[in-house]
Amino acid sequence: MRAQSSATAPPGIAVATPGRESHGLGTLQAALGVVAFSLTFPATAWGLEGFGPWSLVAVRSVLAAVIAGTALLTLRVPLPARRHWPGLAVVGAGVVLGFPLLTTLALETSTTAHAAVVVGLLPLTTALFSALRVGTRPSRIFWIAALAGAAAVLAFTVQQSGGALTTADLYLFAALLVCAAGYTEGGRLARVMPGWQVIGWALVLCLPLTVPVASIALAHEPVRLTAHSVTGLLWVAAGSQFAGLVVWYRGMAAIGIPKASQLQLAQPLLTLVWSVLLLGEHLTVAAPLTAAAVLVCIAVTQRSRG
């Protein structure tokens, strides 16, 4: 029995109790992905100081694809099986193109606090997509905790933005849907190939579109290189678009899409912290109360069965 257990353990993890160790590592990787994603909106706000929205999204995707493509070529990774390309296209459309473009357009007229609403609802939406696409069936306790956490985050972020709806909301809700689809499909693919290859091939697949769009956008949108704009661009390309998604997909493959998605309940709160530190935005005293409620919901979703 011991030999059988070690044989089915994930590659590179040789432990006596692989299930528990793998789950802990997967949770850590997913959490690191959440931290990386929490910096995306502030970094995007910095990037918009020197780039237009189309330039920022296209250039970040091209830079991330160069990083991923270099790794794929250096390691001589073979092309994915033909049956995986439709799933990679969904990842590319949702995570590489759709979510970055829609949220960047929203951030032209919205604060990062208001944009955090979409992230507050993303875990619940991802869990719903997972139930439909992958067939996962979380427990009733999981859904109750997930809904409670989403409600807490939504109430907090809406209160932070003054409760006013803007034209950016359409962009944000559309981004919510395409990102949840991309996360779900990426998590499914990460079960059969390394997570970094999932996002790597998705980025490379989008190059025929992102390269010409970047060229056209840079020619028509003003560019002003500053420390903020360059730092923001580099982070959303290397951190949010590649490294963050690598650990995120690995985490989802290890602990399951629904449980990993619920870790993102902490993302809006982290984003608001970065907004204070990096953008000078102000928070209310509701932040620690919401953070405590969210942490309780995360603990319940991570311990629930199903």
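Here are some friendly notes on this predicted model.

1. **Ground rules.** Residues are numbered from 1 along each chain as its sequence is written, and side-chain values use heavy atoms, without hydrogens or water. Because the model is predicted, local features need pLDDT of at least 70 and side-chain atom pairs count only at pLDDT 80 or more, while totals for chains, interfaces and linings use all residues.

2. **Helix H6.** Helices here are DSSP runs of H or I with at least four residues, numbered from the N terminus. H6 covers residues 112-133. The expected span is 1.5 Å times one less than the number of residues, so its 22 residues should span 32 Å, which agrees with the 30 Å between its end C-alpha atoms.

3. **A bend.** H6 bends by about 40 degrees at Leu122, with Pro123 following within four residues. That bend is the angle between axes fitted to the seven residues ending there and the seven starting there. Just after H6, Gly135 takes a positive phi of about 85 degrees.

4. **Ser130.** Is Ser130 buried or exposed? Ser130, in helix H6, is buried because its relative accessibility is 0%; the cut-off for buried is under 20% relative accessible area, with a 1.4 Å probe and protein chains only. Beyond its neighbours within four places in sequence, Ser130 contacts (heavy atoms within 4.5 Å) Gly135, Thr136, Thr184, Ile257 and Pro258. In H6 as a whole, 18 of 22 residues are buried.

5. **Cysteines.** How many disulfides does the whole structure hold? The search finds 0, a disulfide being a pair of cysteine sulfur atoms within 2.5 Å. Cys179 is buried at 1% relative accessible area, and Cys297 is buried at 10%.

Methods: Helix = DSSP H or I, 4+ residues; strand = E, 2+ residues; numbered from the N terminus. Buried < 20%, exposed > 50% of the residue type's maximum accessible area, 1.4 Å probe, protein only.
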